[in-house]
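Here are a few notes to read alongside the model, written for someone meeting it for the first time. Please have the sequence and the view open as you go.

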Amino acid sequence: AGAVRQKAEQRATASDFMEMEKERGISISSTVMNFDYDGLRINILDTPGHQDFSEDTYRALAAADNAVMLLDGAKGLEPQTRKMFEVCRMRNLPLFTFVNKLDRPAMSPYELMDEIEAEFGLETWPVLWPIGDGERFKGVLDRMTNIVHIYQKPAKRGGKAEVVEVPLDDEDK
């Protein structure tokens with residue numbers, strides 16, 4: 001939850017439609033969202049992350065082809081994340097990990113990678129590398145394209161950040 005926003009000023013995600021979900025800012029029930037990409041239909045199952053609603057998540061994972069493990073940059077691996085990972089491992093689901101909330105004080109990328117490697121025995125390979133965290137968060141380096149995405153703070157709170165892309169390749173060689 002938290003990845004697909006309807007409007008910047010709304011706390012709930014597009015898939016959080018129940019009043020309790022909107023009030024608490026968390027997903028309580030699983031929902032399906034989809035979009036077309038490159039001639040394919042992509043279905044996203046947004047499942048609850050909170051332990052009180054984990055049974056719904058376990059059922060939704062039975063229908064999944066892969067999973068995204070969302071980590072809070074400041075908290076790292078939380079107990080519920082560990083449980084979900086084990087379910088994915090038992091079902092042989094490919095797992096992609098995304099770290100959010102880097103615009104707040106966060107663990108270093110090295111600490112997060114070490115925690116994942118030590119806890120789950122997985123070798124990590126970051127696709128995006130953060131540049132700073134908290135107030136010093138400036139953007140990310142896309143290691144696949146060698147482009148730095150620098151975020152300019154919006155003029156008003158809740159506004160959309162402008163992104164400046166800076167290629168790292170020196171074409172004048």
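Are F85 and F120 buried or exposed?

1. Both residues, F85 and F120, are buried. Please keep in mind throughout that this is a predicted model.

2. A pair of aromatic rings is described by the distance of the centres and the angle of the planes. The count of aromatic pairs here comes to three. In one of them, the ring centres of F85 and F120 are 3.7 Å apart and the planes meet at 20°, so this pair is stacked; planes under 30 degrees apart count as such. The pair links distant parts of the chain, with F85 in helix α3 (residues 79-90) and F120 in helix α4, 35 residues apart.

3. Another aromatic pair to look at is F137 with Y151, which is also stacked, at 6.0 Å centre to centre and 25° between the planes. F137 sits in the loop between β5 (128-131) and β6 (139-142), while Y151 belongs to strand β7 (residues 147-152), so this pair ties together parts that are 14 residues apart in sequence.

4. Y151, at 32%, counts as partly exposed.

5. E111, D114, E117 and E123 form a negative surface patch. One of these, E117, is found in helix α4 (residues 109-120). E117 is partly exposed, its relative accessible area being 32%.

Terms used:
Residues are numbered from 1 along each chain as its sequence is written. This is a predicted model: local features need pLDDT of at least 70, side-chain atom pairs count only at pLDDT 80 or more; totals for chains, interfaces and linings use all residues. Side-chain values use heavy atoms; hydrogens and water are left out. Patches are made of residues with over 30% relative accessible area and no salt bridge: like charges are joined within 9 Å, nonpolar side chains (Val, Leu, Ile, Met, Phe, Trp, Tyr) within 5 Å. Accessible areas come from the Shrake-Rupley method with a 1.4 Å probe; for residues, only the protein chains shown count as cover. A salt bridge is a side-chain nitrogen of Lys or Arg within 4 Å of a carboxyl oxygen of Asp or Glu. Lys and Arg count as positive and Asp and Glu as negative; His and the chain ends are not counted. The place of a charge is taken as NZ of Lys, CZ of Arg, CG of Asp or CD of Glu. Helices (H or I, at least four residues) and strands (E, at least two) are DSSP runs, numbered from the N terminus. Buried means under 20% relative accessible area, exposed over 50%, partly exposed in between (1.4 Å probe, protein chains only). Rings of Phe, Tyr and Trp (its six-membered ring) pair if their centres lie within 6.5 Å; planes under 30 degrees apart count as stacked, over 60 as edge-to-face and the rest as tilted.
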